[in-house]
Structure formats: structure tokens, C-alpha cells
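Here is a short note for a colleague opening this entry for the first time. Keep the viewer open and follow the points in order.

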Amino acid sequence: MSVTTLTFFPISQPFSIFHIHTSISLRINPWPPIRRRMVSKASHTAHLGLAVQDDFHAFLEILPCDLRNNLLNEPKRAQLLEVILDLGRLPEARYLGDCGGKYLRDTQVSMEELEYAQNAVGEFGGDNRAGIEGTLHRISAIRSRNGVIVGLTCRVGRAVSGHVDMIRDLLPFGESILFVGRPGVGKTTVMREIARVLSDELNRRVVIVDTSNEIGGDGDIPHAAIGGARRMQVPEPSMQHRIMIEAVENHMPEVIIVDEIGTEAEALACRSIAERGIMLIGTAHGERLENIIKNPTLSDLVGGIETVTLGDAEARARRCQKSILERKALPTFPFLIEMRERHYWVTHWTERSVDMLLHGKRPLVELFSKTNPQFLESDAKAVHGTAFWQFV
């Protein structure tokens, strides 16, 4: 089979030098080669090979009537990210790929409209989040100092199929994978699809620890987007680490999926689960691997760091200072994926990348995109390392 390989050299070399040739890529990597499909350009979702289900009419039901009509007639409604309702301000819609928002009318949001939306979604949890039963939509509240809801962020939840194609070859290994990226880049959406693929296509016993009902949707019956995966709801956000351990002890999963790992207790629970031989799929906030390394709460997910004092001979041999930073242990997650954009991911073999970063070197990474090779070429300077991109 003819495979086109685009090879980027380390950024220490001139960026004007790159090769495009037809061959099979040889990579310095202990894991089997990963080959990616390239999809031809077409419409917004078709050219990306994605299928989208958004239950949009259920989302509109919680909004005032005039806003419903505006959004139904909006040509960009397929890209709607969220609707902002703040007391005394104009209602605002925000769209994927746009900077700023668009006002939906010229009158301010009233307390009656906020109360209507609040009654439509039901009770908010301790994390000030609620949902619409049977859907993936998320409603988050802003409260006054007296506890009164004065603002709502109504985010559209979509079940999207096709993202996992970029890393499908990693899933059969059974190795844990951590996704990092800024809020809104699509981490939770990817969790849903991975849950479905692992449970339905790879026949794994999958349990989702769903703290805010974001992965499996609101209500007692989980959304069909997660396939045959089981879902454990979490009564309070502070109990997430306990439910993670309970899932392992009571339900014999082969895979645990957890969203938004953010506390030291949750990081320790992840390590405990991984050491029992269970595959973990998780997410954490942070744009790059470096953000996780420097975060004292989450650094254990990538092995942790410690200060080591070298002897005189060793320091001379390494040509470095006597006190250096070293990785403390094996990473909880052997693979880490930086979601730079919704369709542009950077994959690290965590152990090697952390070691190279701590030694001041540029790690080997893989660039995955569902757009086009020109995007990868133009963004090469932003990626710290050598990348091999294969088109099949």
C-alpha cells in the first residue's frame, strides 16, 4: 500500500527543510506503528468523517420563546456552543470557531426568564451544574452571595462519532490515556465515543464515573452515545475519587473512564486503579504536557518530579548542575494527548516525553489531524519536537 509520510525535523533544524515522500515510516517508538486515514474536503462535518446528534429541540425548550425562534433560524446553529443568560444583560450566543458572541435580541434577561429555565432543568447539584433529562446538554449556574441564580451558561451537548478514528489504534493495547486541553476543546465528547468503542466494538467491561452527568447525560438512564458502557453517578464532586475506587472493587471493570481529574485524591485514585491492571481513560485541564508536569496536584499522573543531587563525576559527565529534576515514578497514563484544537491532537509517549522535557530536550510527538497536511506544516513551529504524520 502506498503511504505518504510527512516528516518534521526537530525545531533546532531549519524549518524550510522537510521531506514528503512515499514510503513506510520508521519510527523510534516501542509501540507498533499507527496509521491514520485522511478524509477529503467537503461540508462542515462530512469532510471530517463525523456524525453528530445534538437533541437541539430539547435544548431550546428551556429558553425564552423569542430566543428559540432566533436560534432555529440561525444558519450557524450547528456550530452553537452555548447560550449565556445573565440577569440584566443581553442574551448571547457563542459559536465554535468564533471570537466573542452574538446578541440574540435587544432586551435584557429578566429574573422570570431565569426562573423559567431553572424550573425546566430541575435541581442544580453542589457543583452548580444541571442537565436536561435524556440529553447531553449542560446548564451551569452563577449565584449571588445570597444563593440566588443570576446567570446561566447553557451549553449544547452533542454526541459526535468519528473523532476516535485518530487514535483508534491505541485502544486495543489496553494502556491508559490522558487527554488534556483547554475548556471547550471537546474532551468530554471524546470520552463518550471512546466509551462506546471500547464497550461495543472491543467488548470491554467499561464503567464511567460520571461526576456531573456530562458523559452519560442527565437522568437515571444513560444516553445511547456511550453504547454498552455502564455509568456510576457521583452524588457530590468531592466524592469522585471514592466512586472511582468503588467502581473497581464492586463491578470488576476492565476500563474506567473519568472526566476532569482535578484533585490530589483523584490523582492518587488513578494511580491505585492503574496499578491494579485496569485501563484508565481520563481528562484534565491544561493545554500542554508541561502544564501537567508543573501542576503539583496533577504531576503524579505523568510520574511526578523530584529533585536529585548528582555526584561531581556524574554532573561533569552529564555537563549539568548537581541538582536536577527527575521523574519520580512510572506515569499513571502511558499515553498523553494534547487536544490543541477539536481536530488537531498531539500524542506523547508520556515516559519518554517527560524525561526529555526535564532534561531540556524536545520530545518526539505525533501530530494527528482530520483537516489537511498544510495545517500541520504551517503549525510545525508550535510543536516541540519531531513528528511523523502518515496518510493512508
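1. Among contacts in the protein chain between residues at least 6 apart in sequence, what percentage join residues at least 24 apart? The value is 59%. Bear in mind that this is a predicted model. The protein chain has 392 residues, and 48% of them count as buried. Its secondary structure consists of ten helices and 21 strands.

2. Start with helix H2, residues 65–72. Its buried residues are Leu67, Arg68 and Leu71. Around the axis they cover an arc of only 105 degrees, so they sit on the same side of H2. The cover over these buried residues includes helix H1 (56–60) and helix H3. Strands E4 and E5 (92–95) are also part of that cover.

3. Go on to H3 itself, residues 111–121. Which of its residues are buried? They are Glu113, Leu114, Ala117 and Val121. Down the axis of H3, these residues fall within an arc of 100 degrees, which means that they line one face of the helix. The general rule behind such a pattern is simple. An α-helix has 3.6 residues a turn, so residues three or four places apart point the same way.

4. Now look at what surrounds H3. Its buried residues pack against four strands: E4 (80–86), E7 (129–131), E8 (138–143) and E9 (149–155). On the face of H3 turned away from the buried side, Glu112 and Asn119 are exposed. Just after the helix comes Gly122, with a positive phi of about 95 degrees.

5. Next, a helix pair. How do helix H5 (residues 240–251) and helix H6 (residues 264–274) cross? Their axes come within 8 Å and cross at roughly 15 degrees. Angles under 35 degrees count as roughly parallel, and H5 and H6 are therefore roughly parallel to each other. Their crossing is left-handed.

6. The contact of that pair can be listed residue by residue. H5 brings Gln240, His241, Met244, Ile245 and Val248. H6 brings Ala265, Glu266, Ala269, Cys270, Ser272 and Ile273. By type, the residues of this contact divide into seven nonpolar, three polar and one charged.

7. Asn213 has a phi near 60 degrees. Asn213 lies in the loop between strand E12 (206–210) and strand E13 (230–233). Met252 has a phi near 45 degrees. Met252 is found in the loop between H5 and strand E14 (255–258).

8. Are Asn213 and Met252 buried or exposed? Asn213 has a relative accessible area of 14%, so it is buried. Met252 counts as exposed, because its relative accessibility is 58%.

9. Finally, check Glu287. Its place is the loop between strand E15 (279–285) and helix H7 (289–294). With a relative accessible area of 42%, Glu287 is partly exposed. Leaving out residues up to four places away in sequence, Glu287 touches Val180, Gly181, Arg182 and Glu338. Glu341 is 54 residues from Glu287 in sequence, and their C-alpha atoms are 10.0 Å apart in space.

Methods. Residues numbered from 1 in each chain as written. Predicted model: local features only at pLDDT ≥ 70, side-chain atom pairs only at ≥ 80, totals over all residues. Heavy atoms only, no water. Buried < 20%, exposed > 50% of the residue type's maximum accessible area, 1.4 Å probe, protein only. Helix = DSSP H or I, 4+ residues; strand = E, 2+ residues; numbered from the N terminus. Arc of directions from axis to C-beta. Contact = heavy atoms within 4.5 Å. Axes fitted to C-alpha atoms, helices over the stretch in contact; angles between N-to-C directions. Parallel < 35°, antiparallel > 145°, perpendicular 65-115°, else oblique. Left-handed = near helix turned anticlockwise from the far one by under 90°. Nonpolar A, V, L, I, M, F, W, Y, C, P; charged D, E, K, R; others polar.
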